[in-house]
Amino acid sequence: QIIAEALKFELAEIDIQMPFLEMGASSLVLVDVFREISEKFQVRPSMRKVFDNYTNIDLLSGYIIELIQNRAATSNNDINNISSTPEQPISEDFIEIPLTEMQTQIWFLARYSEEASNAYHETIILKLSGTLDIEVLQQAFQKVVNRHEALRISLSLDKDVQRIPAKTNFEIPLTDLSNNSGQELQQQVNQNLIAEAKRSFDMEKSLFRANVLKLHNSIHLLVI
């Protein structure tokens, strides 16, 4: 019924065996469905598991029932063992916070199609003239990444949260195209920039990256 209302279908029109995508369930619709399921049944289904294993209403219903049963069993165990359960240490390596609506939508799109998630990429290309010390550049970026938590965010797809590590190593790869010249150099630059724009992020590692294209000893492109 929740999915029927979200799609504005009559219950009789719903085929519980039909995959969500074929039903026309967009990422925004599914975000709303998951939110309502969580509030109504007091469970938090893993979006990753749903896309991998529970791709229609019939399978999803079985998964939700399993979560409800597991929650009830866990609650009973907690009551019985509350006095004997040792306190778990809190990890200081990273912090976890819930995904924002935009992050959840991007995650949905990434599961559907790499091209869909790439639509959210933002690329900045800077031309650097003069001698470039790549090590100094990398140290400068490392300091910026260390200072700003937003640049260290990754997504934990199993737990549907964003993680912010206390520390991360930021590397800037360099691609040397300086052996080319003229039209061949321009072609190589274009190919690299297009490939970079299409390259998907490993969301469990980082949502921010940079690299350098060396065109000449004194000309570089910084791609962020």
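1. Basis. The model is predicted, so local features need pLDDT of at least 70 and side-chain atom pairs count only at pLDDT 80 or more, while totals for chains, interfaces and linings use all residues. Residues are numbered from 1 along each chain as its sequence is written, and side-chain values use heavy atoms, with hydrogens and water left out.

2. Overall make-up. The chain has nine helices and seven strands. Helices (H or I, at least four residues) and strands (E, at least two) are DSSP runs, numbered from the N terminus. The chain has 224 residues, and 33% of them count as buried. Buried stands for under 20% relative accessible area, exposed for over 50%, and partly exposed for values in between (1.4 Å probe, protein chains only).

3. Surface and contacts. Of the contacts between residues at least 6 apart in sequence, 67% join residues at least 24 apart. A contact here is heavy atoms within 4.5 Å.

4. An open sheet. Three strands form an open sheet in the order β1-β4-β3, with antiparallel pairing. Its edge strands, each pairing on one side only, are β1 (94–98) and β3 (154–156). From one strand to the next the twist averages 35°. Axes are lines fitted to C-alpha atoms, for helices over the stretch in contact, and angles run from 0 to 180 degrees between N-to-C directions. Strands β1 and β4 (residues 161–165) are antiparallel and share five bridges; Pro98 has Val161 in β4 as its bridge partner. Two strands count as paired if DSSP finds at least two bridges between them.

5. Salt bridges. How many salt bridges does the structure hold? There are three. The term covers a side-chain nitrogen of Lys or Arg within 4 Å of a carboxyl oxygen of Asp or Glu. One of them joins Lys205 and Asp202 at 3.9 Å, N to O. Lys205 is exposed, with 65% relative accessibility, and Asp202 is partly exposed at 38%.

6. The network. Salt bridges link Glu196, Arg199 and Arg209 in a network. Between Glu196 and Arg209 the N to O distance is 2.8 Å. This pair links distant parts of the chain, 13 residues apart: Glu196 is in helix α9 (residues 182–198), and Arg209 is in the loop between α9 and β6 (211–216). The salt bridge of Arg199 with Glu196 has an N to O distance of 3.1 Å. Is Glu196 buried or exposed? Glu196 counts as buried because its relative accessibility is 14%. Arg199, at 40% relative accessible area, is partly exposed.

7. Surroundings of Arg209. A polar atom of the Arg209 side chain lies 3.4 Å from the backbone oxygen of Ser200. Leaving aside residues up to four places away in sequence, Arg209 touches residues including His121, Phe170, Phe201, Val223 and Ile224.

Notes: Polar contact = N/O pair within 3.5 Å; in protein donor to acceptor, adjacent residues only side chain to side chain.
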